[in-house]
Amino acid sequence: MAVNPDLVGREFPPTPPYLVGREKVREFARAVLAQSPQHHDVEAARALGYADVVAPPTFAMVVQDLTLQQLLGDESAGIVLERTVHAEQRFRFTRPIVAGDELTATLRVTQVRAMGGASMVTSESDIVDADGAHVVTTTSILVVGGAE
């Protein structure tokens with residue numbers, strides 16, 4: 001099955017709220033070698049004007065992954081995980097993610113483009129806080145290989 005071109009414009013339901021934990025931020029920061037004190041030390045983050053430790057920018061992928069699971073789990077999408085490569089990732093922040101944030105994400109497919117025997121699927125996930133204020137928009141491009 002090829003990637004369904006009718007995915008373009010489709011919006012998936014919002015994810016359940018994700019509570020950003022202080023230790024999760026610290027673990028992620030260690031994993032990506034983000035050594036700035038604001039990612040590990042509450043007082044260092046507060047000295048910069050934040051309520052708690054600040055997540056490295058790529059932490060947004062943790063929340064976006066919840067939306068990508070919706071897309072990848074939709075059988076009508078025609079996306080076969082075994083033939084899929086994550087090709088590109090971009091972020092547009094309104095503000096950093098901070099421990100204590102409760103975030104919800106909504107994915108929409110913005111483009112499906114045929115490339116030879118493969119397809120490129122572009123999606124955007126808008127991530128908002130508990131008040132509905134925009135935090136970050138993530139853009140992912142997946143390359144899905146054709147049938148063998």
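**Ground rules**

The model is predicted: local features need pLDDT of at least 70, side-chain atom pairs count only at pLDDT 80 or more, and totals for chains, interfaces and linings use all residues. Residues are numbered from 1 along each chain as its sequence is written, and side-chain values use heavy atoms, with hydrogens and water left out.

**Stop 1: the whole chain**

Show the cartoon. The protein has three helices and five strands. Helices (H or I, at least four residues) and strands (E, at least two) are DSSP runs, numbered from the N terminus. Read from the N terminus, the order is β-α-α-α-β-β-β-β. Along the principal axes, the C-alpha atoms fill a box of roughly 55 × 30 × 20 Å.

Of the 148 residues, 42% are buried. Buried means under 20% relative accessible area, exposed over 50%, and partly exposed in between (1.4 Å probe, protein chains only).

**Stop 2: helix α1**

Select residues 22-31, which form helix α1. Pick Lys24 and Glu27. They form a salt bridge, with the closest N and O atoms 3.8 Å apart. The term covers a side-chain nitrogen of Lys or Arg within 4 Å of a carboxyl oxygen of Asp or Glu. The two residues are separated by about one helical turn because they are three residues apart in the helix. Lys24 is partly exposed at 47% relative accessibility. Glu27 is partly exposed too, at 40%.

Phe28 sits in helix α1 and Phe59 in the loop between α2 and α3 (60-73), 31 residues apart. For the cut-offs: rings of Phe, Tyr and Trp (its six-membered ring) pair if their centres lie within 6.5 Å; planes under 30 degrees apart count as stacked, over 60 as edge-to-face and the rest as tilted.

Ring pairs link Tyr18, Phe28 and Phe59 into a cluster. The whole structure holds three aromatic pairs.

**Stop 3: a charge over a ring**

Select Arg10 and Phe12. The charged end of Arg10 sits over the ring of Phe12, 4.2 Å from its centre. The test asks for NZ of Lys or CZ of Arg within 6 Å of the ring centre and within 35 degrees of the ring normal.

**Stop 4: helix α2**

Select residues 42-47 for helix α2. Glu43 and Arg46 meet in a salt bridge at 3.3 Å, N to O. They are three residues apart, about one turn of the helix. Glu43 is exposed at 53%, while Arg46 is partly exposed at 42%.

**Stop 5: strand β5 and its partners**

Select residues 134-144, strand β5. Nine of its 11 residues are buried, so β5 is largely enclosed by the rest of the structure. Which strands pair with β5? β2 does, antiparallel, over nine bridges. β4 does as well, antiparallel, over 10 bridges. Two strands pair if DSSP finds at least two bridges between them.

Arg92 stands opposite Thr137, and Thr122 stands opposite Ile141. In the β4–β5 hairpin, five residues lie between the strands, and Gly132 takes a positive phi near 85°.

**Stop 6**

Select Asp129 and Arg95. Their side chains meet in a salt bridge at 3.4 Å, N to O. Asp129 lies in the loop between β4 and β5 and Arg95 in the loop between β2 and β3, so the pair ties together parts 34 residues apart in sequence. Asp129 is buried at 13%; Arg95 is partly exposed at 25%.

Finish with Arg92, Arg108, Glu124 and Asp126. A network of salt bridges links these four. The search of the whole structure finds 11 salt bridges.
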